[in-house]
Amino acid sequence: MKAERLGLRAGDGAIYAVLVLLCAALFLLPLLKSGNDGLTAQIVADGKTVETVALSSLEGTETRTVNGCVIVLSSDGVRVTDADCPDRLCVKTGKISRAGTAIACVPNRVVVTLRQEKNETIDGVAY
Amino acid sequence: MKRKRVLAFCAAALLLAAAVAAGVLWQKRTRVYPLTEKTSIAMDTIVGFKLYGAPTGAEAEAALGVVTSLENTISRYKEGSDVFVLNETGRVESALLPSILAQCEPLEEQSGGMFDLTVGALSTLWGFSEENAAVPAQSDIDRVKDSVDYTALQISGNTVMIGKNQQLDLGSVGKGLACDMVKQYLTSAGVKGGVVSVGGSICAFGKKNDAGDAWTVAIKHPREENHFLGYIRLKEGFLSTSGDYEQYFEQNGERYCHLLDATTGYPAASGLCSVTVVCDNGMLSDALSTVCFLLGEENSKPVLESYSAAAVFVTTDGEISTFGDLDFTKDES
């Protein structure tokens with residue numbers, strides 16, 4: 001009865017449904033963009049990024065040797081297992097697995113930082 | 001009937017147009033400026049730049065140059081630096097040192113001499129960065145402690161003179177000062193906003209998007225390497241953290257950290273393991289975090305008040321408390 005009062009015909013409902021879906025999409029799109037793309041390890045040596053590794057893509061462990069630091073990467077984190085620096089603070093740091101945490105080897109000028117490219121909520125870390 | 005149908009379509013079209021407008025406004029509100037990031041090592045620590053709306057993309061590299069240039073001026077280990085020359089010869093002409101020393105003197109006074117920038121010889125004696133660091137002999141501590149006295153510094157124009165056997169050490173203010181200088185450079189270069197971290201000192205300035213969302217800064221947990229203590233949200237400002245986890249050694253089950261009380265010659269014994277200070281000046285935030293660490297929580301409060309600063313205290317028992325106007329959230333994960 002109501003539809004008749006508005007002069008609607010069969011099939012108009014589908015057009016309105018499309019319009020409503022379009023409206024909803026406009027509001028939801030910005031939210032859908034903020035997905036969690038997983039952790040990446042950024043390896044920096046002498047101020048230059050030498051490699052960025054997506055940890056979620058790793059099966060088992062992978063090892064890189066950068067400026068004398070042996071960096072072991074796995075899906076659940078990163079650690080420096082050996083280094084030819086005098087203080088070996090980078091080795092003592094142990095495994096890191098959270099976005100924003102980092103391992104630094106100051107003498108060898110190496111920094112490994114864990115990042116979460118999408119949906120990153122931390123702007124800086126006071127170490 | 002036909003007219004009603006046209007009206008219904010018009011209403012639906014208007015609704016869609018409103019939704020489009022709202023969607024566009026939403027996107028515009030959260031439009032994030034282009035991001036430039038850089039990580040490196042300077043001043044013996046991690047230096048990070050997260051810059052939004054940098055006009056050329058080269059600003060982060062140039063900002064790193066500002067930090068290394070400052071390091072080459074104030075590091076006591078860099079041959080030829082102002083501090084190196086002062087410590088070697090007892091005198092230096094410097095465009096920077098007189099201003100640093102003048103700004104820190106009130107804090108040295110307020111701390112009752114616990115915080116003292118002439119602590120260099122005492123730091124060397126303790127040797128925290130050395131592999132086999134150990135508690136020095138009491139006679140050595142007493143002898144070297146006597147040379148620590150900020151009131152013996154003489155400043156006349158750009159000339160600074162230091163007392164006999166004294167060693168200036170700006171390790172407790174340098175990283176915060178670097179934040180001040182980098183912010184000055186980045187804003188003059190037209191960068192819209194960003195977060196700069198130099199070890200435990202952070203500067204947050206400007207905006208990352210049109211909405212001007214607050215910045216979130218994580219504070220390292222003093223005891224758990226892979227965890228954060230919590231998060232501070234701020235629109236603009238500086239923060240610095242001092243903790244007993246930065247440089248330390250253990251002997252007979254006791255932890256000895258690099259934050260030395262110049263009145264005793266020993267590491268601070270204030271019952272704190274981490275202090276984070278937030279204020280509107282980088283160098284002062286850095287100096288204040290050390291001062292508060294030395295003074296302990298209660299004695300710090302009048303000092304913090306006098307600088308309109310806020311703080312997060314963590315005791316060696318793991319108790320966390322805040323002071324002043326601060327948006328701090330403890331990490332619960």
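What percentage of the contacts in chain B with a separation of 6 or more is accounted for by residues 24 or more positions apart? Residues 24 or more positions apart account for 60% of those contacts, two residues being in contact if their C-beta atoms, placed from the backbone, lie within 7 Å.

The structure is a predicted model, in which local features need pLDDT of at least 70 and side-chain atom pairs count only at pLDDT 80 or more, whereas totals for chains, interfaces and linings use all residues. Residues are numbered from 1 along each chain as its sequence is written, and chains are lettered from A and ligands numbered from 1 in the order in which they are written.

**View 1. Chain B as a whole.** Chain B contains 9 helices and 18 strands; helices (H or I, at least four residues) and strands (E, at least two) are DSSP runs, numbered from the N terminus. Along the principal axes, the C-alpha atoms of chain B fill a box of roughly 105 × 45 × 35 Å. Of the 333 residues in chain B, 44% are buried, where a residue is buried if 20 or more other C-beta atoms lie within 10 Å of its own, exposed if 12 or fewer, and partly exposed in between, with C-beta atoms placed from the backbone.

**View 2. Helices α7 and α8 of chain B.** Two packed helices are described by the angle between their axes and the distance between the axes. Helix α7 (residues 174-188) of chain B and helix α8 (residues 282-295) of chain B have axes that come within 6 Å and cross at roughly 160°, the axes being lines fitted to C-alpha atoms, for helices over the stretch in contact, and the angles running from 0 to 180 degrees between N-to-C directions. The angle makes α7(B) roughly antiparallel to α8(B), since angles under 35 degrees count as roughly parallel, over 145 as roughly antiparallel, 65 to 115 as roughly perpendicular and the rest as oblique. The crossing of α7(B) and α8(B) is right-handed; a crossing is left-handed if the near helix is turned anticlockwise from the far one by less than a right angle, and right-handed if clockwise. Residues making the contact include B:Lys175, B:Leu177 and B:Cys179 of α7(B), together with B:Met283, B:Asp286 and B:Ala287 of α8(B). By class, this contact of α7(B) with α8(B) has 4 nonpolar, 3 polar and 3 charged residues, where Ala, Val, Leu, Ile, Met, Phe, Trp, Tyr, Cys and Pro count as nonpolar, Asp, Glu, Lys and Arg as charged, and the others, Gly among them, as polar.

**View 3. Helices α2 and α7 of chain B.** Helix α2 (residues 59-74) of chain B packs with α7(B) at an angle of about 140°, and their axes are 9 Å apart. This angle makes α2(B) oblique to α7(B), and the crossing is right-handed. Among the residues in the contact are B:Ala62, B:Val66 and B:Leu70 of α2(B), and B:Leu177, B:Met181 and B:Tyr185 of α7(B). The contact of α2(B) with α7(B) has 12 nonpolar, 1 polar and 1 charged residues by class.

**View 4. Paired strands of chain B.** Strands β8 (residues 215-220) and β9 (residues 228-234) of chain B pair in the antiparallel sense over 6 bridges, two strands being paired if DSSP finds at least two bridges between them. In this pairing B:Thr216 stands opposite B:Arg233 in β9(B). Strand β9(B) is also joined by 3 bridges to the antiparallel strand β18 (residues 328-330) of chain B, where B:Tyr231 stands opposite B:Thr329. Elsewhere in the chain, β16 (residues 310-315) and β17 (residues 320-323) of chain B pair in the antiparallel sense over 4 bridges, and B:Val314 stands opposite B:Ile320 in β17(B). The hairpin of β16(B) and β17(B) has 4 residues between the strands, and B:Gly318 takes a positive phi near 90° in that hairpin.

**View 5. Two open sheets of chain A.** One open sheet has 4 strands in the order β2-β1-β7-β6 (chain A), with antiparallel pairing. Strands β2 (48-54) and β6 (102-105) of chain A stand at the edges, each with a single partner strand, so one side of each is left without a neighbour in the sheet. The other open sheet has 3 strands in the order β3-β4-β5 (chain A), and its pairing is antiparallel.

**View 6. Surroundings of A:Ile122.** A:Ile122 lies in the loop between β7 (110-116) and β8 (124-126) of chain A, and counts as partly exposed because 19 C-beta neighbours lie inside 10 Å. Leaving aside neighbours within four places in sequence, A:Ile122 is in contact with A:Ala99, A:Gly100, B:Thr216 and B:Ala218.
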